[in-house]
Amino acid sequence: MPQLEEELFPSTPGRIKSDRMHYNTMNRTFHRCFASTSTMFLWALFLIALTASYISFQSFITSGSRYLHHTSHTSIGDLHWEKQIRSSAQIRRQNGLTVLVTGAAGFVGTHVSLALKKRGDGVVGIDNFNDYYDPSLKKSRRSMLESYHIFIVKGDINDQKLLAKLFEIVPFTHVMHLAAQAGVRYAMENPNSYVHSNIAGLVTLLEQCKSADRQPAIVWASSSSVYGLNEKVPFSESDQTDQPASLYAATKKAGEEITHTYNHIYGLSITGLRFFTVYGPWGRPDMAYFSFTKNILQGKPITVYRGKDRVDLARDFTYIDDIVKGCVASLDTAGKSTGSGGKKRGPAPYRIYNLGNTSPVTVPALVSILEKNLKMKAKKNMVEMPGNGDVPFTHANISLAQRELGYKPTTDLSTGLRKFVKWYLTYYGYNQGKGNSVNL
Ligand SMILES: O=C(O)[C@H]1O[C@H](OP(=O)(O)OP(=O)(O)OC[C@H]2O[C@@H](n3ccc(=O)[nH]c3=O)[C@H](O)[C@@H]2O)[C@H](O)[C@@H](O)[C@@H]1O
């Protein structure tokens, strides 16, 4: 008996002799063929169904895995994940805000999330937990926030589907956008990470915000570095900012222009905050005050940059609690976005503020304060500032923020560094042999 394949697809033409076939033979053949065809049809149906279910299973896995969450028992779309987001977004005061905080496991993001939650606002975080610096510090910040019932979604702001899903679950009134590739000098090592987060990520986020039915107001982190080679002091918001000294600064400046476009075309309410060298507990290990502390404690040398003619570099170091007050005041005073579903309905506010301390301190003076607090001497290597994006000094004029936000920094560098050192020693286990047990 010929095989089914052989009947339907004869291998040699000589085996088709239909013109010489008897009717009965034809009839039998027809019936056999028909029976075979229907079997084939059923097989085909079965295979199609199998393929379809395989493809849909695969796409479920693929789309799900993009959002797979940090806990083994939680992934996007699952009810537990959504429940955590809803619960974190719950408002517990009258006229409270519902804020999406990007970069919530970052230094400023952690502090702002906590401040908002403590006063009764709804807060949902998003963070990609990248390894630009020790991710275990970010995870510790997350654990601390979790103890205050703040949920951080693990994901990238470039993930448009994830953002859409978050907005579908929670109608955010505000976005506090702090996710960014930070660091001035690292931009020479990994330029594309700045484009990825500070340009592409920003645009993806703005696209989501502009198309939301109820557009949120956006407050976001620009940087004092946009003043670049500006020599007029103190730096005012109206000063020229067209001479950035690093790619980092250039991406932050680009962010100011990009947000302006979204404000203009779509009616998004925008507030850009130019932070001046923010420091404090739970800070960033890549920053000078943090890495100096680490090295001094370990007896390792530190490199202190100096400007031309051995002039000391200076920064308008700003304590985290002051920055947080500026961020919260910006959210509270942000006018509404006017558009909806991608359509502008009228003009919306576009604001930019300096958030600094207005009293620059030199880097060697910063080192002396640390030495005093750590009761240890630093091994200093004085080196001429390399051409790597650094600027010689920063100094903020904060009168605009003072007037419009009620912003008034109250912590000087000595007080702030004392608090930082206290946190550092406890967190890294220098005190009583205990680590990771600090509250803000
Ligand atoms: O205010 C800002 O716009 C920026 O402030 C900081 O940038 P930076 O002021 O360069 O802060 P640090 O990296 O902590 O450096 C502070 C000072 O210490 C100096 N430094 C840094 C590192 C080092 O090893 N030695 C050293 O002398 C730097 O030249 C600079 O003058 C942040 O890292 C940026 O993300 C932020 O946007």
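G283 sits in the loop between β7 (278-279) and α9. Helices (H or I, at least four residues) and strands (E, at least two) are DSSP runs, numbered from the N terminus. Bear in mind that this is a predicted model: local features need pLDDT of at least 70, side-chain atom pairs count only at pLDDT 80 or more, and totals for chains, interfaces and linings use all residues. Residues are numbered from 1 along each chain as its sequence is written, and side-chain values use heavy atoms, with hydrogens and water left out.

**The whole chain**

- The chain has 13 helices and 13 strands.
- Of its 440 residues, 49% are buried. Buried means under 20% relative accessible area, exposed means over 50%, and partly exposed is in between (1.4 Å probe, protein chains only).
- Accessible areas come from the Shrake-Rupley method with a 1.4 Å probe; for residues, only the protein chains shown count as cover.
- Take the contacts in the chain with a separation of 6 or more: 81% of them are between residues 24 or more positions apart. Contact here means heavy atoms within 4.5 Å.

**Back to G283**

- G283 counts as buried because its relative accessible area is 0%.
- Skip its neighbours within four places in sequence, and G283 is in contact with F107, L137, R141, Y289, F290 and W423.
- G283 and G106 are 177 residues apart along the chain, but 8.3 Å separates their C-alpha atoms.

**Helix α5**

- Helix α5 (residues 135-146) is 12 residues long and spans 16 Å from first C-alpha to last, close to the 16 Å expected at 1.5 Å a residue. That expected span is 1.5 Å times one less than the number of residues.
- Its buried residues are L137, K138, S140, R141, R142, M144 and L145.
- What do the buried residues of α5 pack against? Their partners are α4 (107-118), β3 (151-154), α9 (288-297) and α13 (413-427).
- As a general point, an α-helix has 3.6 residues a turn, so residues three or four places apart point the same way.

**Around the ligand**

- The ligand has 22 residues around it, and the closest are R185, S223, Y248, T277 and D390. A residue is near a molecule or strand if one of its heavy atoms lies within 4 Å of it.
- β8 (301-306) and α9 each give at least two residues to this shell, and the largest share, 3 residues, comes from β8.
- The side chain of S224 has an N or O atom 2.8 Å from an oxygen atom of the ligand.
- T277 has a backbone N or O atom 2.6 Å from an oxygen atom of the ligand, while a backbone N or O atom of T303 is 2.7 Å from a nitrogen atom of the ligand.
- On its own the ligand has 690 Å² of accessible area, and the protein covers 92% of it.

- How many disulfides does a search of the whole structure find? The search comes back with 0. A disulfide is a pair of cysteine sulfur atoms within 2.5 Å.
- C209 is in no disulfide, and the nearest cysteine sulfur, that of C327, is 16 Å away.
- C209 is buried, at 0% relative accessibility, and C327 is buried with a relative accessible area of 0%.

- S340 is in the loop between α10 (320-333) and β11 (350-355), and it counts as buried at 19% relative accessibility.
- A polar atom of the S340 side chain lies 2.7 Å from the backbone oxygen of D213.
- T204 belongs to helix α7 (residues 191-211) and is buried, with a relative accessible area of 16%.
- Not counting residues up to four places away in sequence, T204 touches I157, N158, Q160 and L163.

- Most residues other than glycine have a negative phi, and most peptide bonds are trans.
- N95 is not a glycine, yet has a positive phi of about 55°; N95 is in the loop between α3 (79-88) and β1 (98-102) and counts as exposed at 72% relative accessibility.
- H149, in the loop between α5 and β3, has a positive phi of about 65° although it is not a glycine.
- V233 and P234 are joined by a cis peptide bond, with omega about -15°.

Conventions
Polar contact = N/O pair within 3.5 Å; in protein donor to acceptor, adjacent residues only side chain to side chain.
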